[in-house]
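Work through the exercises below with the sequence and the model open. Try each task before reading its solution.

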Amino acid sequence: MSVTELQELVRFLEDRFACAQACTECARACALRASLADIDGPEDQQLIRRKGILCTEVCDATCRLLAEQVTQSEDTMRSQVEWCRTVCLETAHVFDLVPDSEGSAQACRDCARACTEFLARLR
């Protein structure tokens with residue numbers, strides 16, 4: 001393996017780890033935000049809860065996929081990470097509409113950015 005190939009592999013693994021870590025942080029923030037939403041509250045509270053739960057589940061699944069030692073196909077990884085990025089951006093938009101959700105929205109944006117950076121490595 002050449003030095004360049006080794007550097008590319010290291011960068012790939014670093015980006016993969018950063019994406020998995022961002023997914024974990026986003027999942028925590030979304031789970032907390034969803035738990036604070038009123039289950040029987042108005043429609044906007046129900047939307048926040050649904051989006052928060054969905055984002056938590058997608059980020060958790062993405063983190064697990066990225067953390068597995070078994071090599072997944074690049075297509076599988078790409079599809080999951082793209083889905084995660086999309087859900088995170090949609091969730092950030094919903095959280096932006098609610099007071100006191102800045103931290104959760106930012107965690108979603110950070111995760112989407114980490115997903116974008118990792119996807120750039122896959123191409």
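**Exercise 1.** In which element does Arg16 lie, and how far away is the nearest side chain of opposite charge?

*Solution.* Step 1: Arg16 belongs to helix H1; helices (H or I, at least four residues) and strands (E, at least two) are DSSP runs, numbered from the N terminus. The model is predicted, so local features need pLDDT of at least 70 and side-chain atom pairs count only at pLDDT 80 or more, while totals for chains, interfaces and linings use all residues. Residues are numbered from 1 along each chain as its sequence is written, and side-chain values use heavy atoms, with hydrogens and water left out.

Step 1: Arg16 is buried, a term for under 20% relative accessible area, with exposed meaning over 50% and partly exposed in between (1.4 Å probe, protein chains only).

Step 2: A salt bridge is a side-chain nitrogen of Lys or Arg within 4 Å of a carboxyl oxygen of Asp or Glu. For charge, Lys and Arg count as positive and Asp and Glu as negative; His and the chain ends are not counted.

Step 3: The Arg16 side chain does reach the backbone oxygen of Glu68, at 3.2 Å.

**Exercise 2.** Which side chain makes a polar contact with the side chain of Arg33?

*Solution.* Step 1: Arg33 is also in helix H1. Step 2: Arg33 is buried without a salt bridge, and the nearest side chain of opposite charge is Asp100, 6.3 Å away. Step 3: The contact partner is the side chain of Ser101, at 3.1 Å. A polar contact is a pair of N or O atoms within 3.5 Å; within protein, one must be able to donate a hydrogen and the other to accept it, and residues adjacent in sequence count only if both atoms are side-chain atoms.

**Exercise 3.** How far apart in space are the C-alpha atoms of Asp96 and Gln106?

*Solution.* Step 1: Asp96 lies in helix H3, which covers residues 74–96. Step 2: With a relative accessible area of 44%, Asp96 is partly exposed. Step 3: The C-alpha atoms of Asp96 and Gln106 are 9.1 Å apart, and the two residues are 10 apart in sequence.

**Exercise 4.** How many helices and strands does the protein have, and what share of its residues is buried?

*Solution.* Step 1: There are four helices and zero strands. Step 2: Read from the N terminus, the order is α-α-α-α. Step 3: The C-alpha trace spans about 60 × 25 × 20 Å along its principal axes. Step 4: Of the 123 residues, 42% are buried.
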